[in-house]
Amino acid sequence: VIVFIFFIRIFLSPLPPIVDSHIPQETIDFFKGLVNSDFRINFNPNPNPDDWDKYESHGMDSLSDEYFIVYYPKADDWKSKAEDILEYGKKSVPELDRFMQGYPVPEKVNGRKVPVYLAESDEQFSDLAYEIGNCSASGAVGLFIFEYSYYGFKPLGILISDDVYESEPELPDGMSYAENVFRHELNHYVYFYHFKFSTLKEPSLWFTEGLAEYFG
């Protein structure tokens, strides 16, 4: 029975072949030492291949399309904000595909869509950061949280603070702060999908953030 299950997993699983799991220790230390960045990573030594198609709602409602699942507080005005995020995503995917020379559609990430969480308060934003990434959200209005293991790169979620609906920074005409922050974090998603964890010791933050800021 064990041998049969093994062959079923190998030949029928949508997961790609196991990737090189050796990551330089200095790379792991670098990412663990990031406390004020707007992206967080978990290195998972014991990944479960069945988790790729599981999403946590954290008690929120959701809307989805072929690329994203957007979770939002259970209120009508938040549903419209979630619809806006899906529209921003629909516009951003082809732009990112050109800009970053390849957008990781779900088929490239073991069928996984990018979860997006809209927080209705600073407290919920902080709670989601700990629940999803076991990290702090201090000082951020947006976060991208992901996992890396021998099954590869897995997006855990883009978190967006309610502050994006309270502030009005100077942005290009027609762009909302919510769209700006979402596009910034989505660029991190594409950047780290392409990042070679086994050969690059650490990202150049000025470059990483510069790309995200430019695209945002």
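Modeller: Helices (H or I, at least four residues) and strands (E, at least two) are DSSP runs, numbered from the N terminus. The model is predicted, so local features need pLDDT of at least 70, side-chain atom pairs count only at pLDDT 80 or more, and totals for chains, interfaces and linings use all residues. Residues are numbered from 1 along each chain as its sequence is written, and side-chain values use heavy atoms, with hydrogens and water left out.

Colleague: In what order do the elements of the protein chain run from the N terminus on?

Modeller: The protein chain holds six helices and six strands. Read from the N terminus on, their order is α-α-β-β-β-α-β-α-β-β-α-α.

Colleague: How many residues of strand β6 are buried?

Modeller: Buried means under 20% relative accessible area, exposed over 50%, and partly exposed in between (1.4 Å probe, protein chains only). Of the 216 residues in the protein chain, 49% count as buried. Strand β6, residues 152-160, is mostly covered, and its buried residues number nine of nine.

Colleague: How many bridges join strand β5 to β6?

Modeller: Two strands pair if DSSP finds at least two bridges between them. A hairpin of two residues links β5 to β6, and Ser149 has Gly152 in β6 as its bridge partner. Strand β5 (residues 142-149) runs antiparallel to β6, and the bridges joining them number eight.

Colleague: Which residue in β6 is the bridge partner of Val116?

Modeller: Strand β4 (residues 114-118) pairs with β6 in the parallel sense, over three bridges. The partner of Val116 in β6 is Ile158.
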